[in-house]
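Colleague: Can you walk me through this one? I have a few quick questions.

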Amino acid sequence: MTVDNRTEAFDIVISGAGIGALTLANYLAPLGFRILILDRRPAFDPVHRGELVQPLGLSILEELSLLDELKKLPHTVYRSFDFLDEGGRLLMKSSYEAGPSPFHYALAIEPHLMDHLLAKNLSSHAHVVIRHESDFRGFSVDSSGVTATYERGGETWTVLARILVGDDGRHSRVREIAKIPGTAAPYRDSYLGGSLLLPEDLASLPPAIADTSGRYFLGPRSIFFFFSVSDRRRFFLVLLPNRDREKFFAGGTAHVLGRLDRQIPGFAEMATRNGLDDPGRFMELPVWKVDLERWCDDGIVLMGDAAHAMNPHVAQGRNQAMEDARVLAPVLSKALLSAPLVRRESLLPYEKARIPVTRALHRLADEMTHVWNSGNPFVVRLREAAFRGIGRMPALENKIVTTIGGTRIVPLTPWDKLRALFAGLLPG
Ligand SMILES: Cc1cc2nc3c(=O)[nH]c(=O)nc-3n(C[C@H](O)[C@H](O)[C@H](O)COP(=O)(O)OP(=O)(O)OC[C@H]3O[C@@H](n4cnc5c(N)ncnc54)[C@H](O)[C@@H]3O)c2cc1C
């Protein structure tokens, strides 16, 4: 509804068109709520990385009747992942078959393809508007609702709404203006990422490159994750210790590519063909942790990375943003039926359900960071033994894939870890 030529009225205004916002709008659109989604990006462009949609995300897509559509897009299905040591010896194969979910796989995809699909599904709802190149600037709240402002085309625009949703990522402006207490900080290490487009003649490729299996190579202070998102597209992430790019490339790019080539033979040549002999083409992907005391206030609510950005060791950020949407949608739709302004107390069921889950994932991710990113030879030996042990103990493997699948968080207990360690130290 247009109030004047610079002011519009909606039920919900969302800052950020991340996966959380798009999923939320897909849940709420059939109920007839008027929703405006603002994003400063010009479009859903590729982010040059692949991401894993875990069983949790798959179940949400199925609930929205979008899973079959998603599977028509380029993707790779993963039934398991291989964890290898620095020399390429298999430590553990973690298989989704061991988990409880009806989805015994994860799906790797380029995230913008999924965003497009969810946005396209909204296009038949005239009361849902996605507005790109729109930079959310600020808001105020009173008993009649929320007044949000954004900039577009060099002009300032106003939206009147009953709730403002912050899905605006780890640097959330909504969170900052609302002065939500908590911590938002980068981890010590980040990643360098890149993508390889393979030639059409896949039969001519080195087998390690043609192979679509997902491989994590873990060495002292080194991680190399190589996986596929389609027949011809591979992605990789490499740990960037201390976020020190200069030190990482100090021996030259050929040295870096040579090291990765020992783990995936053929990598160096394919990377060079894709322009990755230039260090500038390795994209840095910072890793953040956002851990807040509360996620809502009168008139505002946070979701996704704005509320709980987490380390990708748990491969969950996207999936948990979708789960935020699944939990928030019924809470919001009930709250929107009663008052002009959605108040904090009506949003509490969302916060109470979600904060403990994301806190548990933060704890797990911190522990994984401590162990996986370590360069201490003693920790590395114990880590490798624990991986081997988990691979030999189906009950523990079940806990790991259940947790990583996202449907339930069941971290290993200290006793589980001890048992894994002993099992891994025994000859195989
Ligand atoms: C290396 C790496 C690997 C990852 N791998 C996985 C994985 O395998 N599986 C997984 O589930 N997750 C993974 N993640 C995490 C995942 O990418 C994020 O958790 C997820 O994208 C967060 O979604 P979101 O809905 O919070 O929105 P975001 O993706 O954070 O998007 C926020 C949006 O807000 C917009 N915005 C910001 N400020 C404003 C403003 N002022 N006005 C308007 N718009 C604004 C931005 O343009 C952006 O579009 C990974 C992350 C990293 C770093």
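Modeller: Start with S5 and strand S9 (residues 106–109): they pair in the antiparallel sense over three bridges. Strands (E, at least two residues) and helices (H or I, at least four) are DSSP runs, numbered from the N terminus. Two strands pair if DSSP finds at least two bridges between them.

Colleague: What is the bridge partner of Leu52 in S9?

Modeller: Ala108.

Colleague: Before we go on, what are the ground rules?

Modeller: This is a predicted model: local features need pLDDT of at least 70, side-chain atom pairs count only at pLDDT 80 or more, and totals for chains, interfaces and linings use all residues. Residues are numbered from 1 along each chain as its sequence is written.

Colleague: Now the ligand. Which residues come nearest?

Modeller: Gly16, Gly18, Gly304, Gly317 and Arg318, out of 31 residues around the ligand. A residue is near if its C-beta atom, placed from the backbone, lies within 6 Å of the molecule or strand.

Colleague: Which elements give two or more residues to that shell?

Modeller: Helix H1 (19–28), S5, strand S11 (135–142) and helix H11 (317–338). H11 gives the largest share, four residues.

Colleague: Next, helix H14. How many of its twelve residues are buried?

Modeller: Nine, so H14 is largely enclosed by the rest of the structure. Buried means 20 or more other C-beta atoms within 10 Å of the residue's own; exposed is 12 or fewer, partly exposed is in between, and C-beta atoms are placed from the backbone. The buried set includes Leu396, Glu397 and Lys399.

Colleague: What do they pack against?

Modeller: Among them are helix H2 (55–63), strand S8 (90–95) and helix H12 (344–372). Contact means C-beta atoms, placed from the backbone, within 7 Å.

Colleague: What follows H14?

Modeller: Gly406, with a positive phi near 90°.

Colleague: Last one: what is the order in the sheet of six strands?

Modeller: S10-S4-S3-S14-S23-S22, open, with mixed pairing. Strand S10 (128–131) and strand S22 (296–297) each have a single partner strand, so one side of each is left without a neighbour in the sheet.

Notes. Two residues are in contact if their C-beta atoms, placed from the backbone, lie within 7 Å.
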